[in-house]
Amino acid sequence: MAGADAETGTETVADTDAEAESKVETEAGAAAVTNAGAEAAMEAEEQGYYRQLWVEEPATRRRLPDPVRASAVRAVIIIAVTLIQAMVAFLCTLAGSWLAFPMVLSSVASTVVATWGALDVWVTRQVWNQRNGVVSVPSSTARALRRERRRARRQERASERTKERIRRQGGGAGQLSHS
């Protein structure tokens with residue numbers, strides 16, 4: 001026990017307060033690195049005993065688009081299987097097993113497929129960027145295209161509303177005045 005009286009086995013009040021203060025200072029110093037950590041340290045300091053176990057921090061990068069993420073996962077799985085096949089082929093070759101030759105052949109084929117998987121990630125990302133545009137760039141052409149599409153949809157909806165309004169009012173067929 002740090003700060004305990006050796007003869008009586010009880011802690012002294014001064015040592016306990018000093019430890020608590022140094023603990024709070026240490027927590028406050030470590031938490032000052034991020035804003036979320038600073039907020040957690042202030043809460044812990046106010047409550048005196050509670051310290052958050054999990055502090056949510058904002059993501060530093062944007063999430064990959066779904067098609068790109070799917071192709072990346074597929075590529076990682078294919079590459080992992082290829083590495084396992086290559087390792088098994090190597091070990092079978094060292095052991096002199098009959099399985100070495102088929103494993104080497106399948107490893108070569110699997111390497112071609114793994115290369116295709118890695119290229120698939122790159123191509124999928126390029127296609128996604130081309131179709132949806134790079135939103136982070138202020139001069140993005142995709143933003144202007146979206147703005148034009150939105151404007152066209154608004155005009156279309158407005159014309160539909162006016163046509164519907166005219167239809168409800170009788171359409172003007174045979175009616176010469178509004179009376």
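What percentage of the 179 residues of the protein counts as buried? The share is 14%, where buried means under 20% relative accessible area, exposed over 50% and partly exposed in between, with a 1.4 Å probe and protein chains only.

1. Basis of the note. The model is predicted: local features need pLDDT of at least 70, side-chain atom pairs count only at pLDDT 80 or more, and totals for chains, interfaces and linings use all residues. Residues are numbered from 1 along each chain as its sequence is written, and side-chain values use heavy atoms, with hydrogens and water left out.

2. Fold. The protein has 5 helices and 0 strands, which gives the pattern α-α-α-α-α along the sequence. Helices (H or I, at least four residues) and strands (E, at least two) are DSSP runs, numbered from the N terminus. Among contacts (heavy atoms within 4.5 Å) between residues at least 6 apart in sequence, 32% join residues at least 24 apart.

3. Surface. The protein exposes about 14800 Å², of which carbon and sulfur atoms supply 60%; accessible areas come from the Shrake-Rupley method with a 1.4 Å probe, and for residues only the protein chains shown count as cover. M87, F90, L91 and L94 make a nonpolar surface patch of about 440 Å². F90 is placed in helix 3 (residues 66-95). Patches are made of residues with over 30% relative accessible area and no salt bridge, like charges being joined within 9 Å and nonpolar side chains (Val, Leu, Ile, Met, Phe, Trp, Tyr) within 5 Å.

4. D120 counts as buried at 17% relative accessibility, whereas R74 is partly exposed at 40%.

5. R69 is partly exposed, at 26%, and D66 is exposed, at 51%. In helix 5 (residues 141-168), E164 and R167 are likewise 3 residues apart, about one helical turn, and their side chains meet at 2.7 Å, N to O. E164 is partly exposed, at 35%, and R167 is exposed, at 54%. Elsewhere, salt bridges that share partners join R63, D66 and R69 into one network.

Note on methods: A salt bridge is a side-chain nitrogen of Lys or Arg within 4 Å of a carboxyl oxygen of Asp or Glu.
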